Amino acid sequence: MLGFLRRAAPAAASLPAAGLRQFQCAFHRSNERLSPTQDQEVSYGLNWAIAGRGVIVKDKVFHNLETSELHKAGATYPDCFSGIPLHVRGDVIGGVPEVSKAQFAKLLKLVTFHLSSISCLYVQDGAVGSFAQCDAKVRIISDTPSAVMLLSDVLWEIPDRAISHDTSPLTVYATSSISNNVKTVFGSGTQYANGFAAVDIERSSLILCGKAFADPAIVKDALTAMAAPVLSARGGLPVPGWLMCFGGSIILLFAPVETIRSCSEIQNALLSIDCGSVISSEWSTVLFPSKARREPKLFTKPSTVVIVSSDSTGALPSVLKLSPGQATYHFLAGYHDGKFVTAYCRGASPVDPLALACSLFSNLKENGTPAYLINAMQSGKHIDGKGFMKLLELALSHNLPDIKTEDVRVGELKGKYRSFLSSKFGKCLPEEFYF
């Protein structure tokens, strides 16, 4: 704890004198609790840690309250929003609007000033990733109990003091109100009426303004992007896929999100309904909890990789065994119904998809992990969940028909793959990757 205080002290020391006196006084008032349990006592170290994130405790701060206690503080579950604007600094995929370094710095200054003016702050800790030795610890600082209650539901539970010993924690600033100054950072526009989210991956910081905390898709996309560098540094390979339990084995599944959403049979077999997994040569984990269980879990490494594509032309067979090079090629293309989604990644990511594909290739090759392709379309129609499970069972039976014929349709689809991947990666695409 002393080491942690020493690291936090320089940040607090840089604060104006009046702000520092305010911080020191806040410690004595922040021990007020909703109930007399010792777990809710806010320590001097916590105040210093929050100050290190730019927020000075004005009066009270409540730490890691239970759901019932948050309800007593006035927390409610708001209606979920969708389509909240997300701006990201550090995205290499290019699918979301950017936020400049100067814009984020200005926004962060405004948000931390606002939080420092609030009488009651709520701080909640959790983690992205279900394995304590390879997760990304998260601290939420908010002006409303509703935000921390909703946001904590998407995180794995961690011990109260775990984050104080972490070297690379992520910080989420959630403000329920949006001042005019904050609104103008990204310019005027009706799309910001309900709020917005901004991420700086380099700073490991996420800002949620207005109702942004009530958009679970945006929150998880942002946390996934922020967590990727931390998880990679701790020995994991974050991938945009799902872990599935089938026949007593763990399967790593890459699929269009439309396929997952349309098949309840697939959803029931998933270890987490949310996309995002971490794999290694020995274990695997999921990024987000689901099915009302938030206790950390560790799973065995995937015994099989399944890549789902959707092709209505008949060029792709129903199920096909793939070599590591073929699996990586189809993974990079992310083919679905005539369109391509690079590496099956629809959100922001700081990880270059080609580098991710090379890591996946090495993992498959070194571990001898079998891989299969399943075509989610048959006779021009999407297969249902039962049909998918039958194809999965066929793949795992290792009794697949030998398909070597190639017609015009296969040649045309190969050309589409080649054209798309060449436009993305040019001559950088390794020769080991092929259709």
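Tutor: Before we start, a quick definition: a strand here is a DSSP run of E with at least two residues, a helix is a run of H or I with at least four, and both are numbered from the N terminus. Also keep in mind that we're looking at a predicted model.

Student: Okay, which loop does S379 lie in?

Tutor: Strand 19 covers 377–378 and strand 20 covers 381–382.

Student: Is S379 buried or exposed?

Tutor: Over 50% relative accessible area counts as exposed. S379 has a relative accessible area of 79%, so the label is exposed.

Student: S204 is a residue other than glycine with a positive phi. Is S204 buried or exposed, and what is its relative accessibility?

Tutor: S204 sits in the loop between strand 6 and strand 7, and its phi is near 55°. Buried means under 20%. S204 therefore counts as buried, with a relative accessibility of 17%.

Student: Let's zoom out. How many helices and strands are there in the chain?

Tutor: The chain has 435 residues, and 54% of them count as buried. As for its elements, the count is 14 helices and 20 strands.

Student: Which element gives the largest share of the largest nonpolar core?

Tutor: That core has 47 residues, and V128, L206, L208 and L223 are those with the most contacts inside it. Elements giving two or more residues to this core include strand 3 (120–128), strand 7 (205–210) and helix 8 (216–233). The largest share is 9 residues, and the element that gives it is helix 8.

Student: How many residues are in the second, separate core?

Tutor: This one includes I250, L252, L413 and F435. Its size is 43 residues.

Student: Back to V128. Which residues is V128 in contact with, leaving aside its neighbours within four places in sequence?

Tutor: Contact means heavy atoms within 4.5 Å. With that cut-off, the partners of V128 are D135, A136, V138, L155, W156, L223, A227, L231, L287 and F288.

Student: Which element gives the largest share of the lining of the largest pocket?

Tutor: This pocket holds about 1,000 Å³ of space. Its lining has 43 residues, and D221, V257, C275, R346 and G347 lie nearest the centre. Helix 8, strand 8 (237–239), helix 9 (257–262) and helix 12 (353–367) each supply at least two of the lining residues. The largest share, 8 residues, comes from helix 8.

Student: How far is the sulfur of C358 from the closest cysteine sulfur?

Tutor: A search of the whole structure finds 0 disulfides. A disulfide needs two cysteine sulfur atoms within 2.5 Å. For C358 the closest cysteine sulfur is in C428, too far for a bond, because the distance is 9.7 Å.

Student: How many of the 10 residues of helix 11 are buried?

Tutor: Helix 11 spans residues 324–333. Its buried residues include Y329, H330 and F331.

Conventions: Residues numbered from 1 in each chain as written. Predicted model: local features only at pLDDT ≥ 70, side-chain atom pairs only at ≥ 80, totals over all residues. Heavy atoms only, no water. Core = buried A, V, L, I, M, F, W, Y, C linked by side-chain atoms within 4.5 Å. Buried < 20%, exposed > 50% of the residue type's maximum accessible area, 1.4 Å probe, protein only. 1 Å grid on protein atoms, 1.4 Å probe; cavity = no way out; pocket = protein on both sides within 12 Å on 5 of 7 lines; lining within 4 Å. Points joined across faces, edges and corners; volume = space filled by probe spheres on them.
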